[in-house]
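Here's a quick briefing to read with the model open beside you.

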Amino acid sequence: DDTTQHAVSCAASTSFKAVVHHYISIIMGKKKSSPKEEPPAEVEKPETEESVIELHQVDTGDIIKVKQVLDETVVSTLITTCDLKENHRLGNIKLILMAVACAFAAVAQFAPVPFPENRPLLGVCGTIYFIISGILQLILWFVDEDAIMITYPDESIKETKGLRVRTVFPRYTEFFTLMLEYEDNKELKKKGQKPVEFVKETWSVGNFFDVDGYFDAAGFDKAVARVYERFKKKQFDVEDDEFTGNNKQKKD
């Protein structure tokens, strides 16, 4: 009986081990046959920078506004693209005169002197204010004229004279003219000395504004830069009537 019980227990143990081994093999087989699927790797999309160009829209019927936009672009191009530095000397003088005029106006307005005792003070402050305003207007008429910018000499070409930038956009016309000349050209003209060295270019504003008034700033920037390149290479124009647009280049 003991022998029989021992044999039965051995057989049961053997069958139990066989069953366990069978299930383990099944589980391992499933793991091998169906490996864990890894999530697909995310494909990195190349970063594409979309360059959005914002066009400035202008009412082309407003000549003053059109000229303002063109003048500002000329100044911006010469400073950023052509690496010129603006000379603010004359602008600072005008600012000082304006500040003095405003100071006298403030004294006349807020001085703690009752009326009519303040009549002499009002007369003096008002007279000085109008004198300074007249000086500023004379500067605009006879010094600034049509100049929108004066620069320091271009150090990249070892220039010794600054640049005077002039523009004109007459009423009832579509043509805008840019003229680059040396700062002392005005004095040379007064003395009758020739030749006066300058570069001039005239464009139709229709080349840079569409029918809806959108401004092609990049195209105008390149056009202004080309004019300055001519000036740097000293490809000066022949002197003619002011801003006629019929200028010719000098022959070397």
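Going along the sequence, the chain runs α-β-α-α-α-β-β-β-α-β-β-α, which comes to six helices and six strands. Keep in mind that this is a predicted model. Of its 252 residues, 27% count as buried. Among contacts with a separation of 6 or more, 59% link residues 24 or more positions apart.

**H3 against H4**

- Helix H3 (residues 89-110) and helix H4 (residues 119-144) have axes that come within 8 Å and cross at roughly 160°. With angles over 145 degrees counted as roughly antiparallel, H3 and H4 are therefore roughly antiparallel to each other.
- The crossing of H3 past H4 is left-handed. On the H3 side, the contact is made by Leu 90, Lys 94, Leu 97, Met 98, Val 100, Ala 101, Phe 104, Ala 105, Val 107 and Ala 108. H4 brings Leu 121, Leu 122, Cys 125, Ile 128, Tyr 129, Ile 132, Ile 135, Leu 136, Ile 139, Leu 140, Val 143 and Asp 144.
- Sorted by class, the residues of this H3 and H4 contact are 20 nonpolar, no polar and two charged.
- Arg 119 sits in H4 and is exposed, with a relative accessible area of 55%.

**H2 against H6**

- H2 and H6 pack with their axes 9 Å apart, at an angle of about 60°. That makes H2 oblique to H6.
- This crossing of H2 and H6 is right-handed. H2 makes the contact through Leu 70, Thr 73, Val 74, Thr 77, Leu 78 and Thr 81, while H6 uses Ala 217, Phe 220, Asp 221, Val 224, Ala 225 and Tyr 228.
- In the contact of H2 with H6, eight residues are nonpolar, three are polar and one is charged.

**A closer look at H2**

- At 1.5 Å a residue, the 19 residues of H2 should span 27 Å, and the end C-alpha atoms are 26 Å apart, which agrees.
- The buried residues of H2 are Val 66, Val 69, Leu 70, Asp 71, Thr 73, Val 74, Val 75, Thr 77 and Leu 78.
- What covers them? The cover over the buried residues of H2 includes strand E1 (56-57), strand E2 (147-150), E3, E4, E6 and H6.
- Just after H2, Asp 83 has a positive phi of about 60°.

**A closer look at H6**

- The 16 residues of helix H6 (residues 217-232) should span 22 Å at 1.5 Å a residue, and its end C-alpha atoms are 22 Å apart, which agrees.
- Phe 220, Ala 223, Val 224, Ala 225, Val 227, Tyr 228, Arg 230 and Phe 231 are the buried residues of H6.
- The elements covering those H6 residues include helix H2 (63-81), strand E3 (163-168), strand E4 (175-182), strand E5 (198-204) and strand E6 (214-215).

- Where does Pro 116 lie? It's in the loop between H3 and H4, and a cis peptide bond joins Phe 115 to Pro 116, with omega about 10°.
- Glu 145 isn't a glycine, yet it has a positive phi of about 50°. Glu 145 lies in the loop between H4 and E2 and is partly exposed, with a relative accessible area of 42%.
- Tyr 172 is in the loop between E3 and E4. Its phi is near 60°, a positive value in a residue other than glycine. Is Tyr 172 buried or exposed? At 72% relative accessibility, Tyr 172 counts as exposed.
- Thr 173 is also found in the loop between E3 and E4, but at 28% relative accessibility it counts as partly exposed.
- Thr 173 and Ile 63 are 110 residues apart in sequence, and their C-alpha atoms are 9.3 Å apart in space.

Terms used. Residues are numbered from 1 along each chain as its sequence is written. This is a predicted model: local features need pLDDT of at least 70, side-chain atom pairs count only at pLDDT 80 or more; totals for chains, interfaces and linings use all residues. Side-chain values use heavy atoms; hydrogens and water are left out. Axes are lines fitted to C-alpha atoms, for helices over the stretch in contact, and angles run from 0 to 180 degrees between N-to-C directions. Helices (H or I, at least four residues) and strands (E, at least two) are DSSP runs, numbered from the N terminus. Angles under 35 degrees count as roughly parallel, over 145 as roughly antiparallel, 65 to 115 as roughly perpendicular and the rest as oblique. A crossing is left-handed if the near helix is turned anticlockwise from the far one by less than a right angle, and right-handed if clockwise. Contact means heavy atoms within 4.5 Å. Ala, Val, Leu, Ile, Met, Phe, Trp, Tyr, Cys and Pro count as nonpolar, Asp, Glu, Lys and Arg as charged, and the others, Gly among them, as polar. The expected span of a helix is 1.5 Å times one less than its number of residues. Buried means under 20% relative accessible area, exposed over 50%, partly exposed in between (1.4 Å probe, protein chains only).
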